[in-house]
Amino acid sequence: MNNKLTPKQREHIGRVKMLPCSVCGKPGISDAHHIKQKLQFCVVALCRDCHNSLHGTKALWRVYKMDELDALNNTIENLVNQGLGNASKTDLNEF
Ligand SMILES: [Zn+2]
Ligand SMILES: [Zn+2]
């Protein structure tokens with residue numbers, strides 16, 4: 001498969017893969033699941049089990065009562081929290 005990603009898209013997907021699973025919380029490295037092909041910023045961090053479940057019977061997802069948008073929301077929230085963590089560290093260094 002030929003992936004023509006821009007550097008920013010590649011960077012984003014790399015960060016998503018470092019996140020814990022957005023469904024069950026299992027620590028990364030996670031898979032980056034595309035909700036829609038070619039939407040490189042609509043990717044969800046998933047462990048192998050939750051990823052397999054999503055492309056199969058969705059049994060795990062029913063247990064957690066989640067769909068792909070719920071998982072995307074968790075992924076973005078984790079990214080935002082990560083960013084805040086780095087910012088406050090920088091602030092501390094400046095004092
Ligand atoms: Zn999972
Ligand atoms: Zn997938």
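This is a short talk about how one predicted protein model is put together.

Okay, hi everyone. Remember as we go that this is a predicted model. Let's start with the overall layout. The chain has four helices and two strands, and from the N terminus on they run α-β-β-α-α-α. Of the 95 residues in the chain, 21% are buried. And if you take the contacts with a separation of 6 or more, 47% of them are between residues 24 or more positions apart.

Now, helix 2, which covers residues 48–55. Which of its residues are buried? Those are Cys50, Ser53 and Leu54. Looking down the axis of helix 2, you'd see the buried residues fall within an arc of 100 degrees, so they line one face of the helix. Turn to the face pointing away from that buried side, and you find Arg48 and His55, which are exposed. And what covers the buried residues? The cover includes strand 1 (31–34), strand 2 (43–46) and helix 3 (59–63).

In soluble globular proteins, nonpolar side chains tend to be buried together. Here, the largest nonpolar core has 14 residues, and the ones touching the most other members are Cys21, Val23, Val44, Ala45, Leu46 and Cys50. Strand 2, helix 2 and helix 3 are the elements that each give two or more residues to this core. Strand 2 gives the most, with four.

Last stop: Leu46. Leaving out residues up to four places away in sequence, what does Leu46 touch? The answer is Cys21, Ser22, Val23, Ser30, Asp31, His33, His51 and Leu54. That's me done, thanks!

How values were computed: Residues numbered from 1 in each chain as written. Chains lettered and ligands numbered in written order. Predicted model: local features only at pLDDT ≥ 70, side-chain atom pairs only at ≥ 80, totals over all residues. Buried ≥ 20, exposed ≤ 12 C-beta atoms within 10 Å, placed from the backbone. Arc of directions from axis to C-beta. Contact = placed C-beta atoms within 7 Å. Core = buried A, V, L, I, M, F, W, Y, C linked by C-beta atoms within 7 Å.
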